[in-house]
Amino acid sequence: MIKKLIVPVFLLFSIISFAQQGTSSPYSFYGIGDVKFKGTAENRSMGGLSIFSDSIHLNIQNPASFSSLKLTAFSLGGTYTTTKLKTSSQSEKARRTGIDYLAVGLPLGKFGVAFGLMPYSSVGYNIESRIPATLTPLVAPEQIKKFTGNGGLNKVFAGTGYEISPNLSIGLDFSYNFGKIETYSLRFVDGLQYGSREKNLSDISGVAFTAGLNYKTKINNKLSGFGSLTYLPEANLKATNERNIATIQYSTSGSEIIVDPIDINVANTIIKMPSKLALGIGIGQNRKWMLGTEVTFQQSSGMGNRFDDITNVKFENAIKYNLGGYYIPNYTSFSKYFEKITYRAGLRYENTGLIINDKSINDLGVTAGFGLPIIGAFSNVNIGLEYGKRGTTSANLVQENYTNITIGLSLNDKWFQKKRFY
């Protein structure tokens, strides 16, 4: 069944991933946009924790975990987000729905391989300010400031993991990131007949690698210990940039009339993808419970924006803390469905590395979720809930209070079996 689904679903996902706008954050204007979470619904529900791997769930955050697969795993997930954006004087609400990942994992003895497609970053904001005109003649209906942005990067990846011993696995994946980002700004000044408009377009692409290591050991007859390491070396993204400016006039019907558009030569840029090092440890009982923590160090200080003339922003080294786990009352229960459900929860705190108006932009989130087994199969439906806060209302900035509802499918089956007839 999974084999029949893969090709059409991948094609549909490819079309949707180019069209979707996965964020409503004004902070997505900077860098390459709002960098998306790279894990599955299961990981996200545990505060983003990536240290745990098992035989049926695909952990796409650490390629070393691919070697743990015993069944072919097909994973698909999406998120519905509601965000309240507020400043010191006003607030607005926004909603977004997007697909988060599509991946397939294959067990090959001591090896495991996985490949997939997911959004890497997203740009999506619409900020508008209108003030009634006061000067005469009233050549413009209002004083207007408008800023919009859309686009982002997608990530295609393929990787493999190898089981060196029953306790130790290593892995490596390769990814190609590509996409386009378009930003638009418009301004009308009171008393002037024409406004000004600027459009910027960046076509961005580049490759990256991720290395991973997983370690597990028995502490006693019931308890096991876990350890993980992932490392993403610094990589470069090439941005081919275009800029067009024009004067704008409003018609009597209120539509925009573009006057004298001019293409401006702007330099192409190299955007650095920062190096990341994640270290995690955990303890638990197989198919019963697990509790773990993880810390991620990100070398963000060398990052830049798509254009060199963006001011009031800089980048610093980032750090992220994750704490989470799961609990299963009775994995083997035949009569009580609720005892077979996986209950997950977690916390995370992140200094994103972005500094605007001398203020660091931080992100704090609380997560919870459920893994609902599908009767008669190893597959399950995973539902996650996340509430978080990013940014601040001080220094003329925006605070985002957001709620994410994530739904993921983990479908599992055996491939490469010889059929016998008697």
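These legends describe close-up views of a predicted model.

**View 1. The nonpolar surface patch.** Four strands each supply at least two residues of the nonpolar patch: E5 (142-165), E7 (195-218), E8 (223-232) and E12 (276-285). Leu277 belongs to strand E12. With a relative accessible area of 30%, Leu277 is partly exposed.

**View 2. The largest pocket.** The volume of the largest pocket is about 1500 Å³. Its lining is made of 43 residues, and Pro26, Ile127, Glu128, Phe147 and Val398 are those nearest the centre of the pocket. The lining comprises 16 nonpolar, 16 polar and 11 charged residues. At least two lining residues come from each of the strands E2 (72-86), E3 (91-108), E4 (111-132), E5, E6 (168-188) and E7.

**View 3. The salt bridge of Asp100 and Arg44.** The structure holds 9 salt bridges, and one of them joins the side chains of Asp100 and Arg44, at 3.8 Å from N to O. This pair links distant parts of the chain, with Asp100 in strand E3 and Arg44 in helix H2 (residues 41-45), 56 residues apart. Both Asp100 and Arg44 are buried.

**View 4. The salt bridge of Glu234 and Lys272.** Here the side chains of Glu234 and Lys272 meet in a salt bridge with an N to O distance of 3.4 Å. Glu234 sits in the loop between E8 and strand E9 (235-250) and Lys272 in strand E11 (residues 269-273), so the pair ties together parts that are 38 residues apart in sequence. Glu234 is partly exposed, at 44% relative accessible area. Lys272 also counts as partly exposed, with 32% relative accessibility.

View 5. Arg390 and Glu400 form a salt bridge in which the closest N and O atoms are 3.0 Å apart. Arg390 lies in strand E18 (residues 380-391) and Glu400 in strand E19 (residues 399-413), and the pair links these distant parts of the chain, 10 residues apart. Arg390 is buried, with a relative accessible area of 13%. Glu400 is buried as well, with a relative accessible area of 3%.

Technical notes
Residues are numbered from 1 along each chain as its sequence is written. This is a predicted model: local features need pLDDT of at least 70, side-chain atom pairs count only at pLDDT 80 or more; totals for chains, interfaces and linings use all residues. Side-chain values use heavy atoms; hydrogens and water are left out. Buried means under 20% relative accessible area, exposed over 50%, partly exposed in between (1.4 Å probe, protein chains only). On a 1 Å grid over the protein atoms alone, a cavity is a set of points where a 1.4 Å probe fits but cannot get out, and a pocket is an open set with protein on both sides within 12 Å along at least five of seven lines; lining residues have an atom within 4 Å of a point. Grid points are joined across faces, edges and corners, and a volume is the space filled by probe spheres set on the points. Ala, Val, Leu, Ile, Met, Phe, Trp, Tyr, Cys and Pro count as nonpolar, Asp, Glu, Lys and Arg as charged, and the others, Gly among them, as polar. A salt bridge is a side-chain nitrogen of Lys or Arg within 4 Å of a carboxyl oxygen of Asp or Glu.
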